[in-house]
Amino acid sequence: MNLKLVAVAIAVVALVVLPYVITEPYYVNIASQILLYAVFALGLNILVGYGGLVSLGHAGLSGVAAYGVAYLLAAGYGHTVAIAGGLAAGLIVTAGFAALSLRASGISFIMITLALGEIVWGLAYRWISITNGDNGITVNSRPAPFGQPLTSAVSFYNATLIVFLLAIAGCAVFVNSPFGAALAGTRDQPRRMNALGFHVWMIRFWAFMLSGLLSAVSGVLFVYYNQFISPQALALTASAEGLLMVISGGAATLLGPVVGAALVVIVKNVVSAYISRWNFMLGAIFVAIVVFMPEGLVPGTVRLVRAAWRSAHRNRSGRPAAAPIAEPKP
Amino acid sequence: MSFWLLLTVNSITFGGLLFLLSAGFSLIFGLMRIPNLTHGSMFMVGAYLGTSFLSGALGFTLNFWAAAILGALEVAVLGALMERLLLRRLAGQQLAQVLVTLGVSFMVADLCLMGWGGDPISVATPEGLGGFVRAGSAVFPLYRMAVIGIAVVFAIALWLMLERTRLGAMIRAGVDDPQMARVVGIRVSQLFTIVFGLGAGLAGFAGMIGGPILSVYPGLDQDMLPLALVVVILGGTGSLLGSFVGSIIVGFIYNFGQALLPELAYFVLFLPMVLVLVLRPQGLFGGQVL
Amino acid sequence: MSALAVQNLCKSFGGLRVTTNVNLAVESGERRLIIGPNGAGKTTLFNLITGEIAPDSGAVLLFDRDVTRTASRKRTHLGMARTYQIITLFPRDTILHNVTLALLGLSPLRWNPWLTLQRQHDVLERAREALKRVGLDHMAERSLAETSYGEKRRVEIAMALAQEPRVLLLDEPFAGLSIDERRDVRELLKAIPRDVTVVMIEHDMDTALDLADRITLLHFGEVVVEGTRAEVVADPRTREVYLGE
């Protein structure tokens, strides 16, 4: 237990000092991107990993929030109103998604969320009077919370880091709560949970809302980071990339989505400088992980490390090492 | 008046094209219980390959039809290989299979970008079909009528295959009850490979047929896949009649939607799909709930 | 007032009549055994009683309260608990967590997203108590996947009893158990206090027979014979159902 706390403390410290150690703004910006996509992936994972409901429409949710912010700013409102409006829009659309898609599960759920995401994308693309269509909406300024401007790469990183830490702490609390346990139960045995007295639909609905809230938050960060929003950010490929982050890192873990986000962002930005076909790589990595390491990088690596440790101990003492106790719940 | 008539003909044409695209998707979905997210990619690859054959990639130029057929065959082989090498390893894990098709679609899209570049490629109408047909004051492009004809021919051919051949009987058995089909001795895993290849090939063929109308460009796969999805959800998975009717319906909604309500075009297109999924998940004709 | 009553219950799937005019009245504290050959509709009857499927006609009453249209999760809150023929527990979790979930199902705590479950000592203690009652508290931290089939059955019974039900429905509790495991479960069931009404479906007559006060024999979805143990065993129709046809 203490080892875990120490590891977390070290990680937090590392993240805090990062922009002062890696001073190149390009890399600090990459770090900001990783963190904001990590928030998105954490949100998606609440539904996918803990709820067992795979959504291919979540980019629509973050996109609505992003468009909400951009639209309100362009209409002349201040940042506070814009952010509140963006989050509210994201939550309202999330409730709509949930109400429609939670009548199904499994493959049907994937298809309904895909269709809903396409509807939102189509509206962003075609409702030119509101969204400016393919030209997108530009955001001219970033907010200055408590008087601190966020124009520099480092300042924006720090703001994003705070949001990320709050998000992951919130997720940690949620996952370890009774409601989190109930959600995981509905993933594994929905029929049994119903028989035990749980309201399966309502549990899934609130998990969806939490997931939508995190997606909306990441959408707000996204639009301020890029200072621009266009329909491309809500396309099916964007939702698919989010899913890629969750699956590749490891669904139903807290670290998994973060690792997955880092993987995807690094491949897209850094690797693409050296290898021009990053989409191909992304797809190939995804396929490889689904086929060979379906539990994702985080649990998969843990499994490999354990197996290596066990065989090392076996070699040393000549006796088989004790079998591991149940996988610790993250 | 002739505006509406032309819109109607275009809708039926587009419906025909969608049928060629979706019939395979529907069969794959009905038999293997997964939405094949590479289907749009297969459509696009068939079109790209066709354009290469047309312009002499093999050392000699092929005519339109030969290019379409050869492209379709190549795509069919690619589809069969994907099923054999990737999907079969994940037999029984539908979610994983869907994710694999998603990943492969990313890979294929990028490979096409590598192979054919980022500019749209227009496809010339095949010889003899470049003219127009007159009906009173209305003028219809001959090729569009031909597409309707091709779709009908394929619909009949597929129907005959499903109803009259042994392969078709096995496919229908697999769609209705895969467990039972295995028990009766049908080699279901081999069937999967054949149907996946067939579906991919049909999509590839459709891509080339659609070439003179849509041309070929990066992102064509992302444009066509959702349409196939809507058709199959409306019409019912595993149902040929459903694909046919669904394709016509979507053809109309798509064209009329674009013309009359351009701002809400996608809303109008996907809303019926969402409603069907929510209210009648087995589609208008399909018997099998997703 | 009966603890559990079923009146003229009917259910068809497609053209198949699975439950035909079933009437049942189980008194408070009674041990009722439901028997019948395969396909007699026993599990369907259970599903109708718990509300997992809705009847075509008829009524289900719990302590004289009409629950026919009540959602199945609400029936659990009203005091109905059940076990399943096939083990449907949570293999990824410890057996303690499995029982904890059963306790949470009836607790308002299940909606709480900010407290830490592992610090809710009162709930965890009650879960341990429930495991002690079935003799499994020494392996509370073991993952369910690493327990034997017999142990899983006992966990399931612990979960059902932890919910302090007024009516307990057991669907083939002895299925798949070895002779020793059967004996353990039989002792467990015998030890259930009489303020719990027990209705049990069972195939294995040797083990179940002396647990029952009254027996109902189902065949093709209809009640064929009903009465005390002696009456049902002696009735010629019983032999007909099992040996004839």
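In which helix of chain B is the place of Q94(B)?

Author: Before the residue itself, a word on what we're looking at. This is a predicted model, where local features need pLDDT of at least 70, side-chain atom pairs count only at pLDDT 80 or more, and totals for chains, interfaces and linings use all residues. Residues are numbered from 1 along each chain as its sequence is written, while chains are lettered from A and ligands numbered from 1 in the order in which they are written.

Now to your residue: Q94(B) sits in helix α4 of chain B. Helices here are DSSP runs of H or I with at least four residues, strands are runs of E with at least two, and both are numbered from the N terminus. Q94(B) counts as partly exposed, because it has 16 C-beta neighbours inside 10 Å. The scale behind that label calls a residue buried if 20 or more other C-beta atoms lie within 10 Å of its own, exposed if 12 or fewer, and partly exposed in between, with C-beta atoms placed from the backbone.

Who does Q94(B) touch? Setting aside neighbours within four places in sequence, Q94(B) is in contact with R33(B), I34(B) and, over in chain A, I107(A). Contact means that the C-beta atoms of two residues, placed from the backbone, lie within 7 Å. I34(B) is 60 residues away from Q94(B) in sequence, yet their C-alpha atoms are 6.2 Å apart in space.

Step across into chain A and you find 14 helices and two strands. Its C-alpha trace spans about 75 × 55 × 40 Å along the principal axes. Among contacts in chain A between residues at least 6 apart in sequence, 73% join residues at least 24 apart.

Chain A also meets chain C, with 21 residues from chain A and 26 residues from chain C taking part. Helices α7 (153-175), α8 (178-188) and α9 (190-195) of chain A each supply at least two residues of the chain A side, and α8(A) gives the most, with seven. That side of chain A divides into ten nonpolar, eight polar and three charged residues.

Chain C itself has nine helices and ten strands. With a radius of gyration of 18 Å, close to the 18 Å that the globule rule gives for 245 residues, chain C is as compact as a globular protein of that length. Buried residues make up 44% of chain C. Its domain assignment gives domain 1 (1-79 + 167-245) and domain 2 (89-164), with bounds that come from an automatic or database domain assignment. The domain centres, taken over C-alpha atoms, are 26 Å apart. Eleven residues of domain 1 of chain C are in contact with nine residues of domain 2 of chain C, and α6(C) gives the most to the domain 1 side, with four residues.

Finally, the largest nonpolar core has 267 residues, and those with the most contacts inside it are V39(A), V220(A), V99(C) and A158(C). A nonpolar core is a set of buried Ala, Val, Leu, Ile, Met, Phe, Trp, Tyr and Cys residues joined through C-beta atoms within 7 Å. Helix α2 (residues 25-50) of chain A gives the most to this core, with 17 residues. Leaving aside neighbours within four places in sequence, V220(A) is in contact with residues including A65(A), V69(A) and L87(A).

Notes
Rg over C-alpha atoms; globule rule 2.2 N^0.38 Å. Nonpolar A, V, L, I, M, F, W, Y, C, P; charged D, E, K, R; others polar.
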